[in-house]
Amino acid sequence: MSRRLSKDSALPLLRMTDVVKRFPGVVALGGVDLAVEQSEVHCLLGQNGAGKSTLIKVLAGVHQADEGAVEWLGKAVTLPDPQAAMDLGIATMYQELDLVEGLTVAENIFLGHEPSRAGFSQRATARRAAAVLLADLGHPEIAPTTEVGALSAAAQQIVSMARALSRDARLIVMDEPSAVLDAGEVEQLFAVIREITARDVAVIYISHRLEEIREIGDRVTVLKDGKTVSTALDAKTTSTQELIRLMTGRSIEYVFPRRSPVEDHEPILRVENLSRDGEFAGVSFQVRPGEVVGLAGLVGSGRTEIVEAIFGARRATGGTVTVDGRTVRPGSVPAAVSAGIGLCPEERKSQALVLQASLAANISLASLARFSRAGLLDRQGETRAAEALLDSLDVRPRGVHRESRTLSGGNQQKVVLARWLLRGCKVLLLDEPTRGVDVGARSEIYGLIRDLTDKGVAVVVVSSEIPEVLGLSDRVLVIADHTIRHDSPADELDEHAVLDIILKGDAA
Amino acid sequence: TGNDPENQSPAASKSAGNKAVSNNDASGKKVVIGFSGPAADHGWLGAINSAAKSAAKKYPDVELKVAEGTNDASLQISQIETFINDKVDAIVLLPTDGAALTEVATKAMNAGIPVINVDREFSSPFAARTTILGDNYGMGVSAGTYACQLVKQKKLSNPVIAEIAGIDSLPLTQDRSKGFKEALKKCGQSVDNRVAADFTVESGEKQGSNLLQAAPKIDILWNHDDDQGVGVMAALDQANRHEMAFIGGAGSANAMRLIKEGKMEATVLYPSTQAADGIKLARLVAQGKGISDLVQVEVPRRIVLNAPVVTKQNVDQYLPLAFES
Amino acid sequence: MSFDLTKTKTETPTAGDAGTAIAPDGQAAHRGGGLVGFLSGPAGRNLGLVVALLLLVIVGILTGGERFASMDNALTILRLGSVIGVVSVGMTFVIAGEGIDLSVGAIVALCSVWATTIATQTMAADYHWSVMVFVALAVGAGCGLVNGVLIAYGRIAPFIATLAMLAAARGLAEIIAKRRTQIIRERGFIDFFGGSVAGVPVLVIMFAAVAAAGWVLLNRTTFGRRTLAIGGNPEAARLAGIRVQRHTMYLYILLGLACGIAAVMLMARTTTGTSTHGTLYELDAIAAVVIGGTLLSGGRATLVGTVLGVLIFTTLTNVFTLNNLDTSTQAVAKGAIIVAAVLLQQRVARTGST
Amino acid sequence: MSFDLTKTKTETPTAGDAGTAIAPDGQAAHRGGGLVGFLSGPAGRNLGLVVALLLLVIVGILTGGERFASMDNALTILRLGSVIGVVSVGMTFVIAGEGIDLSVGAIVALCSVWATTIATQTMAADYHWSVMVFVALAVGAGCGLVNGVLIAYGRIAPFIATLAMLAAARGLAEIIAKRRTQIIRERGFIDFFGGSVAGVPVLVIMFAAVAAAGWVLLNRTTFGRRTLAIGGNPEAARLAGIRVQRHTMYLYILLGLACGIAAVMLMARTTTGTSTHGTLYELDAIAAVVIGGTLLSGGRATLVGTVLGVLIFTTLTNVFTLNNLDTSTQAVAKGAIIVAAVLLQQRVARTGST
Ligand SMILES: Nc1ncnc2c1ncn2[C@@H]1O[C@H](COP(=O)(O)OP(=O)(O)OP(=O)(O)O)[C@@H](O)[C@H]1O
Ligand SMILES: Nc1ncnc2c1ncn2[C@@H]1O[C@H](COP(=O)(O)OP(=O)(O)OP(=O)(O)O)[C@@H](O)[C@H]1O
Ligand SMILES: [Mg+2]
Ligand SMILES: [Mg+2]
């Protein structure tokens, strides 16, 4: 792809130098440099907690830097609030969905800059413009009048994108936009990015998926521990090994752990004919101790609903779940938990973490009975157990009493895993366990899953990354059309085969 | 106590209007008097408070301590406790609830601090040195008796009699209603419609409006409180319903003016000067003096104030004593 | 490769977390479901209220007969509801923006007292009564401004800040009025606001106008949408460039102004200004708003629901009085009816939204 | 050409979202900062309250001298605070679990009336007064149970459900008491609860015991943990296997029980049971809890803060009484002092946490 980096008037679009941002107890940014050319796709890489989101929040005027300078088209600027950044032409898609659930799609897209006359919003105009933007993004089926709260996470991400595009921006910052998207939608996203960069808009792109960087990026800046370790690397030519080394300071084999053969035990988890009206029907499968079963499928195909129904978080309208031969009372999470099932839900912040509680409290949440001495809480025991887990999972920054909301996404995911490790379950359901998790942590989580299966735990993994499902699982179930379309050992499938099955199911 | 409104002379029932020549008002030993009453959340109680204060101001030898008006018995108890700790010379207490304050009043008496109980009576005779009571039951009786008279006078065959009470959960409201009901019974009448407001103008208007809807025709209406009566009157004006004889309660200046104008039939007096009397008596008790008009050397234990009916005929007598609400 | 991302769920995923101020079932459904239209509002909730109100009316007719079903009585109900109605409209905005205001009753009292004091003391000198109206509105807006500044810029929790205002405003009202009831003798004022236009009391017209203006402001202006955004997700609103603090302040000023209007109406109704006006309005207004379907946690508001909530409470009192129920029984019945109405409304919303 | 970005803001990143029930500054800071220890609790908030209370005490001593600084006066303050204090401890739990209860005052009234009616009507038949105590506690727990079931299983918003209970319980209390004050003549009861142990009134001991038990329950038991988790993120709590509905119900029962205890204390204090007991306790209790630093939005609670909040309000009243301030001025001063205390507390928390 040809770039026009050497345009005559090519001042650098943005230059941030020596940016420092401190939070109580943490230096999130300890001197970061970033330079973005006009109409390039600049990728920002770094491990969880490296400071990527913090940096772009400084850029968006959400956080105010403690030190450092920002130049925009060669001129020094200050960014006291989000409005100032938007006035310059910086639009941002935040990592945490920043939509208002009670408002409609159109209202969200134009929030803060509504088409209006004399204070009256021109709703028809907004609706039409929103429809056009959504169609451009390849999602004409998202109606501008739908309430955002009723959309799936993926659709919300599209709305967020439409919102960034609705501003007349020179620079669009995308903080892990692909985390909730499936392969097809990532392709569509890239098409949009190519189109907007052709229109002289630059993009800062953050992702933990290195193959995406290769495909869409021009240049790469790598952050590590709040500092820039390398700038202006070529995105196409720098080797993956090198990028990982820069990010982590070590070389990590970016591969899935080897499978050990599953022994021929009786299945520990049996799901029979599980159904829920309007969501899925006739779902049957079994998982043996030590086995990893992956659920592949498109976003919105109902995988989350299936695992939540197994967990009792949604009441199935038909079918049974048995663990160790005993039927689990449907629609009851406590019953599922005491039967030995655990779930790491899809959305960490809203479903898994008590954000203002400490890490220790979050980890012990499912095992409180264990730390109960005649009703009193054994706080030392709790702290010790939490510390041990945080150590073994390498959660950063350290400190069991830190509030969980101050952790970066990947580290939060580890905390959720720690909760179920502490509980010690026979069946672990993982819904998108590596969403937003960096390469290093990702391979650690893979290793962890392996360790668990070695101990005889049965694992069910839902992931939108087909390679991940294939690499991690012993057996893969492909979900389409509200039911299981295919069930076979993972090594009999490849990415194309899975996509084929999904699409056929879709066509049927 | 006679509740016959005919033969009452106002001056006799008012010790605040004491015109007797005596040396009691002459400065004596300096005394500190604590005063605690319910929240001054409506006109009559407001008048009670201000009358108490101005009564105290008249005497250079009285220092008055006024506690925050409250409707919370527990808080009022702690105010009395504070007065006891403070070793005041006398306490004038208009309790939110007589029974609830009895214990602490007894405690004060035991600590040697005379308590003057105003308006709402304690449940034990040992809790107060002197008790000055407005007569709530008597007030209802006065209103009912007057209503009976009206029925007779106007020869009403099947009169509709309505009542707008005050805060229904207060014992005093119950007493008034009881008196009203029993007096009506004597002439074979009963209350046809009854609503309860809460002593505020606004509630008077609201309950008044609703009552007028409930009863398409009313012959006699007794409203417990003239302050809420302002609102009732507004409701009558709004609905243009002046067919009934409108009797008030408490005896605000405003009500008396309306009586003069003929817009109101009558009002039953409920003296707002009780607390002022209480202050005066407290001073006398603390200084060891008696009431000069009495042969008795000491201040009596119990004074029950009268509840006369003010009508167009005698309103001029009462207007000077009435409280502005 | 396109896929339908918009399939609606008939149930929120948070079905289990009762006991929190979270929306009941069905809240997640689309707006403007078409069929039931305007009244059904968000997720058919309003429909439930309409049913509750209708049931009340039926009970009223059965027990009160003509006395209930007369035009006069209807206007009485509306007139009684109008004052608290205006306050509730303003309260809807504050609650929509995730706030709360406990001081509304006290502000109404202060406005009425301040205005009537001006009137009784200086009106003799030939002011027009509109000065009185102006003073009431200005005092209301001023109190709202103080609340707004304390909450938005002073970062004091709305509950605390307005609790402080509750105490202070009522105290000030008592001081100004010297605890007297100020009687308004301006016939012009009383005749204007106490009158009727084409048989409809001016107070009712005012309430209707305020409610309509509120509806437009909430649903048809950028101000309204931003209010909901702030209530629903203040951080997202800030990220969208909305000046959250300033907007929050505006909300309280708006409510203060509504209190000023309510004070004028109450002054006309009672022909007085007093520090006891507006007692417990905070509870009544919040109750009407919340039973109407606006979430206390912000972000979702319905003005039609608020108006229905006000009408339900006012009609209830009226029916009680017509039936000559004693106050204690009224209170018990009221509690039971509130619970029944909400359960009914949930049921209607659930069946209506599927 | 570089530009200095270092103008530091002392604000948190969420600086914009005032007007919401979100934590004020400093909340983000770590717990257990060591130095200030126990009293500083979460993020030094309690320290601010201690400072506010100390200032009040200083004002009390300056203006009241010995009359204020006496042991007797201290006990008077504590005794007054004890009843509302017990209710506030219970309220802390409900608010921590993201609920609210407006019915506490009414429940106290109902408990007192029910218990005394039993006493006056049947005690003659030789019951021990402990029956009266038992009835008060049972009635309180029963009302809490009804609230809890309506909220947790009936999914009625806590505000509405407890508003209904407020009306119903007070109405029922009036009906049972026939609007009469029931006088307790059981000397055994009055002497027991009205007495002192080693100079400390039994009521104060009861308050201290309830507060201590509450502190342990909130901070040292799994029950407290679950409460905070439910208040912080009910969905996460549910998905961690906590029985959110049942736990929520327990919270209201707990508060109901606290109301029962408070009723017993109030009965001892006033030697009566009446339907007017506990008027406006809901506001007082919520105010004490919120000013103490517990978030109305749930998930963060401090019992030490609640106790300090109660003491601040009670001391304020005492200082006012000693200084002979008139009621209206008191109200205005109270409003100003509340605002000042909160601002002070924020400032202390901010400096304390850096
Ligand atoms: N509000 C906050 N308060 C305290 N610490 C914070 C806050 N926000 C971020 N941090 C800390 O700052 C550091 C950088 O976090 P940031 O979210 O920028 O990482 P990131 O690179 O975006 O990670 P991820 O890939 O997981 O999204 C982390 O150590 C995090 O714990
Ligand atoms: N909060 C919600 N409210 C309403 N509908 C929802 C919500 N979440 C998901 N849905 C709908 O439920 C269906 C299943 O979505 P969901 O995202 O759970 O599926 P999934 O296969 O797990 O996809 P993902 O890859 O995102 O995990 C979709 O049609 C979606 O629109
Ligand atoms: Mg990030
Ligand atoms: Mg999913």
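A residue counts as buried when its relative accessible area is under 20%. C:Thr222 has a relative accessible area of 12%, so C:Thr222 is buried. That value, like the others here, comes from a predicted model.

Start with the surroundings of C:Thr222. The residue sits in helix H10 of chain C. Leaving aside residues up to four places away in sequence, C:Thr222 touches A:Glu114, A:Ser116, A:Gly119 and A:Ser121.

One of the residues touched by C:Thr222 is A:Glu114. A:Glu114 also forms a salt bridge with C:Arg226. The closest N and O atoms of that pair are 2.7 Å apart. In total, four salt bridges are counted between chain C and chain A. Polar contacts link nine residue pairs between chain C and chain A, with both residues at pLDDT 80 or more. On the side of chain C that touches chain A, the elements giving two or more residues are helix H9 (202-220), helix H10 (222-232) and helix H11 (234-239). H10(C) gives the most, with six residues. By residue type, this side of chain C divides into 14 nonpolar, twelve polar and twelve charged.

Now take the interface as a whole. Chain C brings 38 residues to the contact, and chain A brings 49 residues. The area buried between chain C and chain A is about 3500 Å². Carbon and sulfur atoms give 55% of that area.

Step back to chain C itself. Its secondary structure comes to 15 helices and four strands. Chain C has 354 residues, and buried residues make up 64% of them. Consider next the contacts in chain C with a separation of 6 or more. Of these, 77% are between residues 24 or more positions apart.

How many of the six residues of strand S1 (residues 31-36) of chain B are buried? Six of the six are, so S1(B) is largely enclosed by the rest of the structure. Both faces of the strand are covered. On one side, B:Val31, B:Ile33 and B:Phe35 are buried. On the other, B:Val32, B:Gly34 and B:Ser36 are buried.

S1(B) also pairs with other strands. Five bridges join S1(B) to strand S2 (residues 62-66) of chain B, and the two run parallel. Within this pairing, B:Val32 has B:Glu63 in S2(B) as its bridge partner. Four bridges join S1(B) to strand S3 (residues 90-93) of chain B, again running parallel. Here B:Phe35 stands opposite B:Val92 in S3(B).

D:Gln182 lies in strand S1 (residues 182-183) of chain D. Is this glutamine, D:Gln182, buried or exposed? D:Gln182 is buried, because its relative accessible area is 11%, and the cut-off for buried is under 20%.

What does D:Gln182 touch, not counting residues up to four places away in sequence? Its contacts are D:Thr116, D:Thr117, D:Thr120, D:Ala177, D:Thr271, D:Thr272 and D:Gly273. With D:Ala177 there is a polar approach as well: the backbone oxygen of D:Ala177 lies 3.4 Å from a polar atom of the side chain of D:Gln182. D:Gln182 and D:Gly195 are 13 residues apart in sequence. In space, their C-alpha atoms are 21 Å apart.

Terms used. Residues are numbered from 1 along each chain as its sequence is written. Chains are lettered from A and ligands numbered from 1 in the order in which they are written. This is a predicted model: local features need pLDDT of at least 70, side-chain atom pairs count only at pLDDT 80 or more; totals for chains, interfaces and linings use all residues. Side-chain values use heavy atoms; hydrogens and water are left out. Contact means heavy atoms within 4.5 Å. Buried area is the accessible area (1.4 Å probe) that two parts lose on being put together, summed over both. A salt bridge is a side-chain nitrogen of Lys or Arg within 4 Å of a carboxyl oxygen of Asp or Glu. A polar contact is a pair of N or O atoms within 3.5 Å; within protein, one must be able to donate a hydrogen and the other to accept it, and residues adjacent in sequence count only if both atoms are side-chain atoms. Ala, Val, Leu, Ile, Met, Phe, Trp, Tyr, Cys and Pro count as nonpolar, Asp, Glu, Lys and Arg as charged, and the others, Gly among them, as polar. Buried means under 20% relative accessible area, exposed over 50%, partly exposed in between (1.4 Å probe, protein chains only). Two strands pair if DSSP finds at least two bridges between them.
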